[in-house]
Each structure stands twice: as structure tokens, then as C-alpha cells.
Amino acid sequence: MGGPIIRRKDALGVHSLDRFAFTVPDIALAEGFYRTFGLCALRDGTRLDLATDASPHRWGTLVANGRPKKLSYLSFAAYDDDFDRLAARFAVRGRADAHPLADSRGAWTRDADGTLVQLVAGPKVSPAAPTPAPAAAPRLGKAAAPSRSGAPRVRACYLSHVLLFTPDVQAQVDFYTQTLGLRLSDRSGDLIAFLHAPHGSEHHVLAFAKSERPGLHHSSWVVPSIDDIGLGAERMRDAGYSKGWGLGRHVIGSNYFHYVQDPWGSFAEYSFGLDYVPAEVDWVPGDHAPQDSFYVWGPPVPDDFVVNHEGP
Ligand SMILES: [Fe+2]
């Protein structure tokens with residue numbers, strides 16, 4: 001994302017969710033899905049890295065191993081001069097060996113669910129300001145909409161967040177706030193919780209939903225406008241990826257969304273307009289009633305939207 005260093009002076013914590021990684025049965029299916037979705041899908045044998053046009057940063061890594069989809073690890077980045085103090089927390093927690101699919105940089109530990117977590121020193125790849133402003137309004141006297149065949153291809157700007165299943169939302173909140181310095185944005189009892197980073201962050205870079213087991217529910221990708229959400233969803237439908245949920249607007253985080261179901265039952269989310277927590281702002285967490293906090297408007301929630309497809 002570049003730009004000036006955005007930093008909160010009185011907080012020790014990571015600034016970015018740097019990468020998420022999971023294994024899938026078939027890398028060609030993954031390549032087709034994410035390329036159509038609007039990402040740069042960089043294939044190397046059985047490995048696929050996910051980037052955007054905006055930077056060479058690789059936000060996601062998928063590796064095919066012939067087995068059902070499974071979350072592998074998360075990687076978070078901190079400012080260079082915060083690394084040692086954060087790594088010391090990893091040591092107190094208990095150092096772990098690097099995930100075999102990852103590079104061995106930085107420090108590793110396990111979160112409350114036993115999922116491997118990497119800490120690296122690196123640039124702030126999370127946005128330094130709210131999501132990009134929509135394109136300028138069209139001039140009066142000229143038609144604004146493109147033809148259907150002439151509609152632009154949607155391109156994602158950056159990874160916004162991932163949402164993980166967990167059997168113990170509070171234990172995960174405790175780990176990620178106390179060890180990595182993330183902060184609670186909002187929650188709904190012990191069912192779901194959303195965390196932001198302290199040095200200028202979208203409303204959530206990481207979220208948890210209660211389930212019987214750990215797992216990856218969705219990755220969320222920012223697009224430049226609500227129109228891009230609709231265009232992306234339409235393109236995915238045309239390509240056969242018709243299952244999902246949207247267009248709608250969330251209450252918690254305020255973003256407009258459309259979730260597209262991937263070939264393994266989890267989702268990739270088009271997102272625009274997520275709330276932003278500047279480094280100098282203390283966001284006051286809310287505890288929202290579940291029935292009044294999921295979405296403001298949108299189609300009915302699909303029956304399998306919160307099914308965890310990852311086995312024990
Ligand atoms: Fe999301």
C-alpha cells in the first residue's frame with residue numbers, strides 16, 4: 001500500500017495480516033476460481049499464490065495435496081522495531097516450528113486452536129486509509145452504464161480479512177489480542193468476534209465464528225465500488241460459480257458484500273466500504289444481538305453459509 005508509516009505510539013502489535021494459507025484437493029480448480037474472481041493467481045506446480053494488480057505482495061497461498069481443504073497457517077507482519085518484543089511473547093507462549101509449506105522467517109507459535117501463526121518484520125501491507133473512493137460521478141448528459149459485454153473485468157485491490165471457525169471464540173480473541181496486539185472491534189456474544197490491528201486498520205483483519213472445529217470460512221477482498229461487487233458476482237455466476245450470498249450490507253463493519261462459494265464449500269467475499277479504525281482512534285467494541293447484527297439488507301442467508309467443511 002506504500003505511503004507514510006502509520007503508527008500508534010502506545011500500542012505493541014502487528015500492523016497487517018500478511019498472508020493466509022490453506023491446502024486444497026486440486027490446484028487447477030483453485031486457479032480458475034481465483035483468477036475469475038479478480039486476483040492474480042500465480043501458479044507454480046501444485047502451489048498457487050494470490051496477489052492483486054496493485055502490488056507484488058502475495059496475500060494467500062494454496063497448496064494442493066489431494067485431500068479436503070484445510071487451513072494451514074496465518075502470517076502477521078509487524079514494524080521492524082516491534083518484532084523482538086512481539087517475538088518474546090511467542091517465546092512465552094511456546095515457540096513452534098515453521099509450517100512446512102511456509103518460509104522459515106520470523107517466529108512461530110500456535111494459536112488457541114493449535115493453528116500455526118507466523119510473525120515477520122515487514123512493510124505494512126494493510127491499507128493506510130479507508131477503502132478507495134468510488135469513481136467520479138458520470139457527467140450529466142452521458143450514459144453511465146457500460147454494455148453487458150463491455151463491462152470491465154473486476155480486479156480486487158487487496159486482502160481485507162479472513163474469518164476462521166473456532167470452537168472457542170473467546171480463547172482465540174484472548175490469544176490474538178494478548179500475543180499479537182490485535183484489538184476487539186465488535187462481537188456477538190460468544191458466537192462471533194471481529195479484530196482490528198492497532199496501527200490504522202480496517203474494522204477487521206481477522207474474525208472468528210463459533211463451530212465445532214477450526215477451519216477457514218472466507219477470505220475477503222476489497223474492490224473499488226459497490227458496482228464492482230455486482231460485476232464480480234455476475235462474472236462468477238457466468239463462469240459457473242453461482243452459489244453464494246449477496247448482494248447485501250453487513251451491520252458489523254458496515255461493508256457491502258457478495259460471497260462466492262469456492263469449490264470446497266468455503267467463500268471468497270467481494271467487499272466495499274468496511275469501517276476503518278485510524279491509528280489515533282479508540283474503537284469502542286459493541287456486543288450485538290445476533291438476530292439484529294448479521295446484515296442490514298440482502299437476500300436470505302443460504303442454509304449452508306455457516307457450515308464448516310473442514311474435518312477434524
Ligand atoms: Fe467478511
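**Reading a predicted model**

Visitor: What makes residues on one face of helix 2 count as exposed, and which are they?

Guide: The face turned away from the buried side of helix 2 carries the exposed residues Asp81, Asp84, Arg85, Ala88, Ala91 and Val92. A residue is called exposed if 12 or fewer other C-beta atoms, placed from the backbone, lie within 10 Å of its own, buried if 20 or more do, and partly exposed in between. Residues are numbered from 1 along each chain as its sequence is written. The model is predicted, so local features need pLDDT of at least 70 and side-chain atom pairs pLDDT 80 or more, while totals for chains, interfaces and linings use all residues.

Visitor: How do you know that the buried residues of helix 2 line one face?

Guide: Asp82, Leu86 and Phe90 are buried in helix 2. Down the helix axis, the buried residues fall within an arc of 85°, so they line one face; the arc is that of the directions from the axis to the C-beta atoms. Strand 5 (70-78), strand 6 (107-110) and strand 7 (116-121) are among the elements that cover these buried residues.

Visitor: Why is helix 2 called a helix, and what does its span agree with?

Guide: Helices are DSSP runs of H or I of at least four residues, strands are runs of E of at least two, and both are numbered from the N terminus. Helix 2 (residues 80-93) has 14 residues, which at 1.5 Å a residue should span 20 Å, and its end C-alpha atoms are 21 Å apart, which agrees. The expected span is 1.5 Å times one less than the number of residues. Just after helix 2, glycine 94 has a positive phi of about 120°.

Visitor: What makes strand 13 and strand 16 a pair?

Guide: Two strands pair if DSSP finds at least two bridges between them. Strand 13 (residues 215-222) and strand 16 (residues 267-272) have five bridges, in the parallel sense, so they meet that rule. Serine 219 has alanine 268 in strand 16 as its bridge partner.

Visitor: How do you know in which sense strand 12 pairs with strand 8 and with strand 10?

Guide: Strand 8 (residues 158-166) and strand 12 (residues 206-210) are parallel over five bridges, with leucine 163 partnered by alanine 207 in strand 12. Strand 10 (residues 192-196) runs antiparallel to strand 12, joined by four bridges, and isoleucine 192 stands opposite alanine 209 in strand 12.

Visitor: Why are strand 18 and strand 19 called edge strands?

Guide: Strand 18 (286-287) and strand 19 (295-297) each pair on one side only. The open sheet has 10 strands in the order 18-9-10-12-8-13-16-15-14-19, with mixed pairing.

Definitions and conventions:
Two residues are in contact if their C-beta atoms, placed from the backbone, lie within 7 Å.
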